[in-house]
Every structure is written in C-alpha cells, then in structure tokens.
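Hi,

Here is the structure I promised to pass on.

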Amino acid sequence: MTAAFDLQGLARQIRDARGVAHKRDIDAVVARLGLGGRHAAVPVGDDCAAIPDGDGHLLLAIEGFLDSFVAADPYFAGYCGIMVNLSDVAAMGGRPLAVVDALWSREAAEADPILAGLSDAAALYGVPIVGGHTNTRAAADNLAVAVLGRAGPRLLTSFDAAPGDDLVAAIDLRGRFRDPHPYWDASTGAPGERLRGDLALLPGLAEDGLACAAKDISMAGVVGTALMLLECSNVGGVIDLDAIPKPEHVPLARWLSAFPSFGYLLSVRPDRTPAVLARFAERGIASAALGQLDASRVARVRSSGEAEAVVWDFVASPLIGCGRDAGNAA
C-alpha cells in the first residue's frame, strides 16, 4: 500500500464520515425553507444566527442531540447542551448571555442526570439557564438547548475567508476521549475560570481585528468543518494533515473524526497569523497554520509532502448549500 493510496483512502474516509453526512442534510433544509439568499446581513450557514442590534449583533443558536447520545451518556449530553452552544457563540466572536433548554424524558429520575449536566456546565461557564420546556412523561429522552449571545460590530463568520488567508486550527489537547464515542473532552473537570478565559479568546480576536472568519470544529471533524467554512466563503485550499494539532497517542484517522470540546478553525491574514498563534499559546492551547486558502473552490489534503488528494469540489457539488453566489465571492 503506497502513501499516495493511503492519502486517497483518507480523503474518502473524510467524505464518507457520519459527521459529514449529517451536514449534508442541511442543503435540503436550506432549499426547502428558502434560506439560501445571500443578501441578509449575515447569511444562513453560520454557527449562530447573527441579528444586527444597535452597534453590535445578537447571536442565537440551538443544538439538538441524538436520542442515542442522550441515552448513552445523559450527564454529558446535558453538559454538552451548554458547552457546544457557547462554542458556537464564541466562534462568531461573541459572548453568551443566557440559555434555555427543551427536555423530554420518560420520568423525572431519567431527566435528573441530564439536568445535572446542564446545571454543572452553566455554573462552570458562568451563563444562566433562564427557562425552557420540560416533559417527563415522553416516550424517549431527548434534549435541545438554545443560547442567546452578543457580539460587537466585528463578527467572525463563515463567509469572510479569502484567498491567500492562512487556515489556522486551535484545539485544547488537555483532555481525553469519552470512549467509545468520538468526543474529545477537555472541559469536564477543568477549572471554570480557565474555560471562560479560553472562550474569551475568540471575541478578543474579533474585536482586535486579528481574524474575520472562523468556525468551531463540529462532529464533522477538523477537515469536515473546514469544508463548510470553505464552501460558505467560496474558496478552496489545501490542508496539511501533518500540521493538525493532535494528541501524540491518537491515530490520525480517529482524530479526523473527533469532536473536540474546544476546537476552532480560523481564516487569518498571513501577517496576523503569528499574533493569533501566540494568543492561543499563552493559554496552553495547541494551534498551527494548516495551509493557505485559494480561489479554486476545491478542498484538498496532503501529508508527508505527498501529492494532494481532493476531498470536495464545491463547483461540482455543494455540501451544506450555503456558499455565496459566484458574483459575491470574496
């Protein structure tokens, strides 16, 4: 088996990953609801809905969780209800204001660990739960959580990456997998002060003009998340797999499908990249430039200096269907 063949196989693994498949569902929903217009202040397809408000923006996001995940790890599901929503707000350069939840369970006893996770995460991250919906007489355990946040006039969006930018990844490696799941947990057990300070890095980068495009790393993994960022900005680029921050003991194939509790991709002008990397390093968060964006609208990967493998050609096929009109491309 040659290195080139391995790289092609890895590209196929990324395309066929469950997390990427779930993202493909977005395309049909965007089309059915007529949300594909590119003339909104911030088009649909970002980590949060951004609503202009005074001299800044209100940010609104929601996360729903698979019933299998809620059943397998109810405490962590509740915890993630807070954690992943706050990550979405931070990814757009904002800070959280409040959270609401919608919880269904078969009985109150089954709801308790979910509520414990919600409560613990809210306390650690310093965000209040201000209401929601509860039903403890349902047929199954389900959870959805929404967050309201606020950002200033400078947002980090999925639509403002540009050819020539560096693609920067920042991931907190001080964690562990919650086996057998793909969740890299660097949050539970960490001091709340550190967690809050780490999230504040993202709005700081936005407010200081060091970055203008970002996305939090989702269940699609590092490269899968990069696909969404590139598609929305109508750009392409090459990702150096060897440069991705990774725990030493974790195989690359597993890491590419991991969902880190703190993980972001940013599009950064090359002259600002050293300052961005320094800010993450100051807080003990691993970061690196993975490659440079271009105007090709084709996402590729490479490893060990080998020839590139195409992961996605957005000209041939959309992923989430939220890319800009060609006439408005950056």
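Rings of Phe, Tyr and Trp (its six-membered ring) pair if their centres lie within 6.5 Å; planes under 30 degrees apart count as stacked, over 60 as edge-to-face and the rest as tilted. Before the details, note that this is a predicted model, where local features need pLDDT of at least 70 and side-chain atom pairs count only at pLDDT 80 or more, while totals for chains, interfaces and linings use all residues. Residues are numbered from 1 along each chain as its sequence is written, and side-chain values use heavy atoms, with hydrogens and water left out.

On to the aromatics. The ring rule gives twelve aromatic pairs. One of them is Tyr79 with Tyr125, edge-to-face at 6.5 Å centre to centre and 65 degrees between the planes. That pair links distant parts of the chain, with Tyr79 in helix H4 (residues 74-91) and Tyr125 in helix H5 (residues 108-125), 46 residues apart. Helices (H or I, at least four residues) and strands (E, at least two) are DSSP runs, numbered from the N terminus. Tyr79 and Tyr125 are both buried, buried being under 20% relative accessible area, exposed over 50% and partly exposed in between (1.4 Å probe, protein chains only).

Then there is Phe177 with Trp255: the ring centres are 6.2 Å apart and the planes are at 80 degrees, so this pair is edge-to-face too. Phe177 belongs to strand S7 (residues 176-177) and Trp255 to helix H9 (residues 252-255), 78 residues apart. Both Phe177 and Trp255 are buried.

Ring pairs also join Phe65, Phe69, Tyr75, Phe76, Tyr79, Tyr125, Tyr183 and Phe259 into a cluster.

Two arginines are worth a click. The charged end of Arg178 sits over the ring of Phe76, 4.0 Å from its centre, and that of Arg254 sits over the ring of Phe177, 3.7 Å from its centre. The criterion is NZ of Lys or CZ of Arg within 6 Å of the ring centre and within 35 degrees of the ring normal.

Lastly, Asp47. This residue lies in the loop between helix H2 (18-33) and strand S1 (49-53), and Asp47 is buried, with a relative accessible area of 13%. Leaving aside neighbours within four places in sequence, Asp47 is in contact (heavy atoms within 4.5 Å) with Ala61, Asp88, Ala91, Met92, Ser158, Ala214, Lys215 and Asp216.

Cheers
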